[in-house]
Amino acid sequence: MPTSRSTRIALFVYGIFIIAFLYLPLISVGFASISKARYLSFPIKRYSTKWYSDAVESSTVHDLLTTSLSVALLVTVISVVIAFFGALAFARYQWRYRTTFQKLILLPIFFPQTVLGLALLMWFNSIGIIPSWKTAVVAHLVWIAPIATLIVAIRAYSFDPALEEAARDMGANTWTILREITLPLLMPGLVSAALFAFLLSWGNFPLSLFTTGADSTLPEWLYAKMVSGYSPLVPTLGIMSVCGSFLIIMVALSIAWLYRTNKEARAARN
Amino acid sequence: MERTDRKLGLLSSLPLTIVLLLAFLAPLVVVALFSIMPQKVFSLANVPDFSAYSVFFSQGYYKSLLWSLGMALASTAILLVISWPLAYGMAKVFGRFSLVLTIAVVMSLFVSENIRLFGWVLTLMKGGLIEGHLRAWTGVGFDSPLYGVPIIIFGLVYVYLPFMLFPLAQGIAMVPDDTRQAAADLGATKWQILTQIEIPLAAPGIVVGSLLSFVLAAGALAESKILGGQTVIAIADDVETAFTFGQNWPLGSALSMILIVIIGGLALFGVSRVDLDAIMGRKR
């Protein structure tokens, strides 16, 4: 049933409207970050990059970035390893508790994160662990490792088990098969899982809030300043964090693109 | 081959299972145990009582729960209505523009929720992006819509849009074009096609999307705090206050348990009905 021309145009306009709706608040934050005034009021009368140079020089900001970056990098590395094996159990192997496992890993994703953060705080306290940025890594993993697993699983569904069987028939052992066949085939899934893991950890607030102890991540600091004691650095750091995320996505996409063209070129030469 | 499959499946599920046992199920057990401890204790070595649960009713905490569930329900219903045309466009009409839309929506997810909600405060506040410019250009201002129940629901709709949109688009993609064409040929009106063909056939996507956005919105905290001021207290806010300012772990745990039972029950119910192999990959 072909959709009429006017309906198509209306839907198209609606789509653009929704994108604008999603990004409008970021435009406000962007303007606010270059306003000279300490107390915000639109329209902005004088622009200045003062807050950006303040942010770059501030040692608080350095600490926040270091903590956020450490958490996100560690979460990324561990999530990717867990997701590689988890996705195989999720999509590839036929084993007895597969459906139970599939459902178990969905539960943390559906769970209110504030409650999860507090539950983890009480758990760490009960077993005598003092919260720091390292416990926040554990907290992030509970939510991010399952998401990463789902992303890799989509890729794992689409590969042919016969490739592994052929390698086995030719005498390769399980470990060699994993390294030489399965890992390269799942690589695109693992790369996007890593990207998601990093960015979700970088932006996460509710889990960090209760599990970082004396350390503080960037989203925590922003929230504290929004709720009480506004600082003109809030929009500035917000925009810096957003630009950082987009930069990482761009770098990842261009690496993926270079990798693909390189591979195609090699395939063409052979 | 089957024997190796079974062994490898179990082995490769282990890392994730261990993480979830130690850092998801164990903390939940701790919450459950604390919820039956007497008020204001910080260790589990006490005689259990259920006083924290009676406080839930006697001190009006059920109001926050009802507000949270009500706002979650309202935002889910609104999301369903506003996401449907867009999901339909993504699944059937847009072609290449679908990819652009998908990337735009996913990218917005990577911006911390706090920053996006703060952006709405700047956009909507008195002297904000909209009101400030309007007053400067026309001389007429208006009162800020911030700090009320409608704006909290607006915030929930804004934040959870992707969680409704993608499952819905997936569901609509499952409706065969032939069936719609056949219904139209037989003289069905647009409304009949929508209610009798598209909605029933897209049901899995509708269920997953609604469940995700309802469950996430019911446990949300930042929207009511940042956009809503103190007009309405969300249940997640009460949970946080009980733990932090209240220093009352058993009360916080009891509130958490009530939320967990409702949300977890819904999630389990939904998850048990979904065939993950069919949605995510090929059916074996």
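Reply: What follows takes the interface and then the aromatic rings. This is a predicted model, in which local features need pLDDT of at least 70 and side-chain atom pairs count only at pLDDT 80 or more, while totals for chains, interfaces and linings use all residues. Residues are numbered from 1 along each chain as its sequence is written, chains are lettered from A and ligands numbered from 1 in the order in which they are written, and side-chain values use heavy atoms, with hydrogens and water left out.

Me: How many residues of chain B are in contact with chain A, and what area is buried between them?

Reply: The size of an interface is often given as the accessible area lost when the parts come together. Here 94 residues of chain B are in contact (heavy atoms within 4.5 Å) with 95 residues of chain A. The buried area, which is the accessible area (1.4 Å probe) that two parts lose on being put together, summed over both, is about 8700 Å² between chain B and chain A, and carbon and sulfur atoms give 79% of that area.

Me: Which part of chain B gives the most to the side that touches chain A, and how do the residues on that side divide by class?

Reply: Helix 1 (residues 2–34) of chain B gives the most, with 23 residues, where helices are DSSP runs (H or I, at least four residues), numbered from the N terminus. By class, the side of chain B that touches chain A has 62 nonpolar residues (Ala, Val, Leu, Ile, Met, Phe, Trp, Tyr, Cys and Pro), 10 charged residues (Asp, Glu, Lys and Arg) and 22 polar residues (the others, Gly among them).

Me: What should I look for in the aromatic rings, and how many pairs are there?

Reply: Rings of Phe, Tyr and Trp (its six-membered ring) pair if their centres lie within 6.5 Å; planes under 30 degrees apart count as stacked, over 60 as edge-to-face and the rest as tilted. The search finds 17 aromatic pairs over all chains. One of them is the tilted pair of A:F205 and A:Y223, at 4.3 Å centre to centre with 40° between the planes.

Me: Why does that pair tie together separate parts of chain A?

Reply: A:F205 lies in the loop between helix 8 (174–203) and helix 9 (206–211) of chain A and A:Y223 in helix 10 (residues 218–227), so the pair ties together parts that are 18 residues apart in sequence. A:F205 is buried (under 20% relative accessible area) at 6%, and A:Y223 is buried with a relative accessible area of 6%.

Terms used. Helix = DSSP H or I, 4+ residues; strand = E, 2+ residues; numbered from the N terminus. Buried < 20%, exposed > 50% of the residue type's maximum accessible area, 1.4 Å probe, protein only.
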